[in-house]
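Hi everyone, thanks for making time.

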Amino acid sequence: MADKKAQLIIEGAAPVELPILTGTVGPDVIDVRSLTATGRFTFDPGFMSTASCESKITYIDGDNGILLHRGYPIEQLAEKSDYLETCYLLLNGELPTAEQKAQFVSTVKNHTMVHEQLKTFFNGFRRDAHPMAVMCGVVGALSAFYHDSLDINNPQHREISAIRLVAKMPTLAAMVYKYSMGQPMMYPRNDLTYAENFLHMMFNTPCEIKPISPVLANAMDKIFILHADHEQNASTSTVRLAGSSGANPFACIAAGIAALWGPAHGGANEAVLTMLDEIGDVSNIDKYIAKAKDKNDPFKLMGFGHRVYKNRDPRATVMKQTCDEVLKELGITNDPQLKLAMRLEEIALTDPYFIERSLYPNVDFYSGIILKAIGIPTSMFTVIFALARTVGWISHWKEMLSSPYKIGRPRQLYTGYESRDITKLEDRK
Ligand code: CMC
């Protein structure tokens with residue numbers, strides 16, 4: 001794996017030889033681990049040039065718009081697989097056989113209910129609390145309920161925690177929504193698929209059980225698949241970092257949820273709709289495009305651009321198609337906000353500013369539109385992202401714990417004061 005070497009020349013010091021590591025695909029990586037022995041560190045805020053771990057789960061080629069889970073292209077998973085099968089793949093490394101799939105689905109379904117006492121946690125939150133605030137709290141609280149599976153050094157405990165998290169996230173997400181609405185919380189139904197069950201718990205009530213539209217359930221399943229994992233993004237890195245200290249899986253996932261909340265990451269799908277509200281009308285688009293281009297204005301076009309995809313976001317292509325199907329199923333053709341979104345998309349795909357900077361619509365641009373059309377309030381969008389990403393987080397957490405690892409502890413370039421003495425209070429100016 002490391003037959004090539006790089007040489008680092010440091011003025012006034014002996015050259016340092018650094019191994020170059022080669023993955024199965026993707027760029028080579030210079031192994032700087034031995035640098036610390038020279039008393040120096042690398043400096044890379046934002047991790048633009050740093051691989052923080054070795055992983056076999058997901059591969060992204062941002063220049064060519066490629067996303068692979070365990071080697072399978074995301075487009076094929078979205079077309080030929082379903083969310084629980086994708087979960088199995090991420091967690092176990094291979095697609096399941098028919099028998100393994102039936103067993104996995106059944107195991108997940110056996111864990112969809114949450115401890116009845118967990119409901120009481122919700123009462124501590126204001127009903128107008130942001131759903132992500134409630135999610136951080138209740139997912140973290142799961143650690144207080146499942147003591148029987150918190151030994152992170154026990155592979156069976158890790159397995160059962162992973163299943164519990166995948167199984168309970170839709171239940172918790174729907175409970176968060178029902179609490180905010182003041183409606184009774186719905187129990188999961190194990191005769192439904194994962195996506196159907198989520199829509200059932202979200203939109204049905206004890207007095208009215210409506211059938212779930214297959215088109216909407218399919219769209220929901222696609223949203224889950226497309227958000228299932230994305231290698232070492234901010235929230236996944238947060239989960240790995242929290243896990244590297246030996247924290248329990250529920251606490252780690254709560255940390256991931258907190259990191260996902262930000263508008264530059266998972267909060268973007270909510271931010272897209274908020275932005276469309278702010279723009280208000282097609283006639284205001286030019287003004288907002290000018291704001292997005294203005295270096296002195298913090299406004300950015302939400303749902304455009306990506307740290308890694310500098311050509312196209314392959315998830316966005318699938319999502320756009322699903323978006324068209326959902327809008328057709330729901331008969332939404334004349335929605336002013338949708339028209340606004342489509343006009344923005346058109347401008348961004350033709351305006352030199354966006355083309356030169358490779359600012360294409362990302363997955364969140366279309367998923368936000370779909371979720372709104374389905375009737376999910378914007379404040380729930382990031383919760384749905386968290387629900388879907390939980391399997392990615394827990395797969396990375398399991399992968400890290402399955403081989404030797406170190407606590408994550410970055411260093412810093414210190415630019416503060418040198419050592420100085422405290423002066424007496426009366427002498428300070
Ligand atoms: N609107 C206007 N200009 C933009 C935008 C945008 N959405 N995104 C980047 N730029 C400009 C930026 O000002 C810079 O211009 P210049 O080269 O003239 O200084 C250039 O494009 C490069 O931007 P950057 O900030 O260096 O790029 P980054 O890789 O650090 O940021 C990003 C990536 C996703 C944080 C950013 O594009 C962004 O904030 N987009 C909007 C939020 C969003 O949609 N996020 C969801 C990402 S997809 C979900 C996920 O995977 O988490």
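**Around the ligand**

Let's start with Lys310: a polar atom in its side chain is 3.4 Å from an oxygen atom of the ligand. That's a polar contact, meaning a pair of N or O atoms within 3.5 Å; within protein, one must be able to donate a hydrogen and the other to accept it, and residues adjacent in sequence count only if both atoms are side-chain atoms. Arg357 also has a polar side-chain atom by a ligand oxygen, 3.0 Å away. Tyr353 puts an N or O atom of its side chain 3.1 Å from a nitrogen atom of the ligand.

So how much of the ligand does the protein bury? On its own the ligand exposes 940 Å², and the protein buries 76% of that; these areas come from the Shrake-Rupley method with a 1.4 Å probe, and for residues only the protein chains shown count as cover.

Before I go on, a word on what you're looking at: this is a predicted model, where local features need pLDDT of at least 70 and side-chain atom pairs count only at pLDDT 80 or more, while totals for chains, interfaces and linings use all residues. Residues are numbered from 1 along each chain as its sequence is written, and side-chain values use heavy atoms, with hydrogens and water left out.

Back to the ligand. There are 22 residues around it, and His265, Lys295, Leu301, Gly303 and Arg307 come nearest; to be near, a residue needs a heavy atom within 4 Å. By class, that shell has 9 nonpolar, 6 polar and 7 charged residues. Here Ala, Val, Leu, Ile, Met, Phe, Trp, Tyr, Cys and Pro are nonpolar, Asp, Glu, Lys and Arg are charged, and the others, Gly among them, are polar.

**Rings**

Next, the aromatics: the whole structure has 14 aromatic pairs. Rings of Phe, Tyr and Trp (its six-membered ring) pair if their centres lie within 6.5 Å; planes under 30 degrees apart are stacked, over 60 edge-to-face, and the rest tilted. Tyr288 and Phe299 make an edge-to-face pair, 5.3 Å centre to centre with 65° between the planes. Tyr288 sits in helix H12 (residues 285-293), and Phe299 is 11 residues away in the loop between H12 and helix H13 (314-329). Helices (H or I, at least four residues) and strands (E, at least two) are DSSP runs, numbered from the N terminus.

Buried or exposed? Tyr288 is buried at 8% relative accessible area, and Phe299 is buried at 12%. Buried means under 20%, exposed over 50%, and partly exposed in between (1.4 Å probe, protein chains only).

Phe365 and Tyr366 are another edge-to-face pair, at 5.2 Å and 80°, and both are buried.

**A few loops**

Ser149 is in the loop between helix H5 (131-141) and helix H6 (155-181). At 2% relative accessibility it counts as buried, and its side chain makes a 2.9 Å polar contact with that of Arg164.

Last one: Ser358, in the loop between helix H15 (352-356) and helix H16 (363-374). Its phi is near 55°, a positive value in a residue other than glycine. Why point that out? Because most residues other than glycine have a negative phi. Ser358 is buried too, at 17%.
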